[in-house]
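Hi,

Here is the structure I promised to pass on.

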Amino acid sequence: PPAQWVLENEYLRATLDPATGQMASLLHKATNTETFATQGNQLQLFKDQGQYWDAWNIAPDYQHHPLDHIRLQGMAWIEQGPVRQTVRVVYTLNQSTITQDYCLDVGSPVLAVHTEVDWHETQVVLKVAFPLTVSAPQATYEIPFGAIARSTHPTTPAEQAKWEVPALRWADLGDDDFGVSILTDYKHGFDATPNQLRLTLLKAPLWPDPGCDRGLQSFSYAIYPHGQGWQQAKTVQAARNFNLPIRAVLSKMFLSEHSPGLPDSPTAISWLDLGDTSFVLAALKQSEDSDHQYILRGYESVGIQGDLTIGGHLPMEVIVSVNLLEQVQSAEWEALTPWQIKGLKIACRQAKG
């Protein structure tokens, strides 16, 4: 029955097509909005040849040479528990195998697709397409310490030359009412039209290494439908959470006798609290000129002005604002300007008593 391949939590309801293994539907419950105009997570193959820099350049005419060798081999439930639901879909093409695990965690607004590939193609590019119900004149891509919006209607020669563009951890297409972010860990090449995002997964070049990309490899990406724009939906934080999941570590520092003043329960501890702001932590490192001071560096991530607050149970205090060379800028550090990269020199407070 159709309900056999449904993953659902409080945020999303995903339905898979048993004939293709693709996503027949992805409903965003808060807005009651369907994410996909047609089937989502479409694996697509194209011939990719004719470029001198084979390993770096995707052929500008690749879309005129689609290939159709992907075959669905099977689907199976891997997990159906109260914490996580996972469906495994296996495809084959020529001598290659693609295994994708659709994974939906309780309490998570994103649907992850964990992928393992045994790749043995030659001069073929593998992409995954997300045809969306929303349409937008621009797509937005994360870049280091910021984001850039690019036209989905390329008209100038410079825009038309960007048939493939980079993104760091996410790309987004949407408007002020609804949007979809594609979060990624190891894959960073995208192309976009007004109502589709597409992520490049694999190439199969011959030069300079004829064995490049071949063999076993794994990577993940995730689909994040959201109300409002990517700024209000905190896509930046969602992508960082996807890339840097929480890890549990047992340590003596949790014991109250080693850390006076901390709560008795480790679950109540927030070591570093940046508040509900658009400021994103980029580094926490030892100062270059002092063994007893540290540098906290971050950036304003959505292009707005605001105020910065530093809290948490780390016994530290801000001394001064510094630049990227860790040179003193100002004792006033609380104000944030749009897209600002801010460094703070901090020191540990001495324990009282």
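Below is what turned up when I went through it.

Keep in mind that this is a predicted model. Average pLDDT for the protein chain is 92, with 93% of the residues scoring at least 70. The stretch to treat with care is residues 253-258, where pLDDT is below 50; leaving out near neighbours in sequence, that stretch still has 8 contacts in the model.

On to the packing. The largest nonpolar core has 47 residues, and Met 23, Leu 111, Trp 119 and Ile 223 have the most contacts inside it.

Then the strands. β9 (residues 96-105) is mostly covered, with 8 of its 10 residues buried. It runs antiparallel to β8 (residues 84-93), joined by 10 bridges, and Val 87 has Tyr 102 of β9 as its bridge partner. The β8–β9 hairpin leaves 2 residues between the strands, and Asn 94 in the turn has a positive phi of about 50°. β9 also pairs with β10 (residues 111-119), again antiparallel, over 7 bridges; here Gln 100 stands opposite Thr 115. That hairpin has 5 residues between its strands, and Gly 107 takes a positive phi near 80°.

Finally, the cysteines: a search of the whole structure gives 0 disulfides. Cys 212 counts as partly exposed because its relative accessibility is 25%, and Cys 348 does too, at 42%.

Cheers

How values were computed
Residues are numbered from 1 along each chain as its sequence is written. This is a predicted model: local features need pLDDT of at least 70, side-chain atom pairs count only at pLDDT 80 or more; totals for chains, interfaces and linings use all residues. Side-chain values use heavy atoms; hydrogens and water are left out. pLDDT is the predictor's confidence in each residue, from 0 to 100. Contact means heavy atoms within 4.5 Å. A nonpolar core is a set of buried Ala, Val, Leu, Ile, Met, Phe, Trp, Tyr and Cys residues joined through side-chain atoms within 4.5 Å. Buried means under 20% relative accessible area, exposed over 50%, partly exposed in between (1.4 Å probe, protein chains only). A disulfide is a pair of cysteine sulfur atoms within 2.5 Å. Helices (H or I, at least four residues) and strands (E, at least two) are DSSP runs, numbered from the N terminus. Two strands pair if DSSP finds at least two bridges between them.
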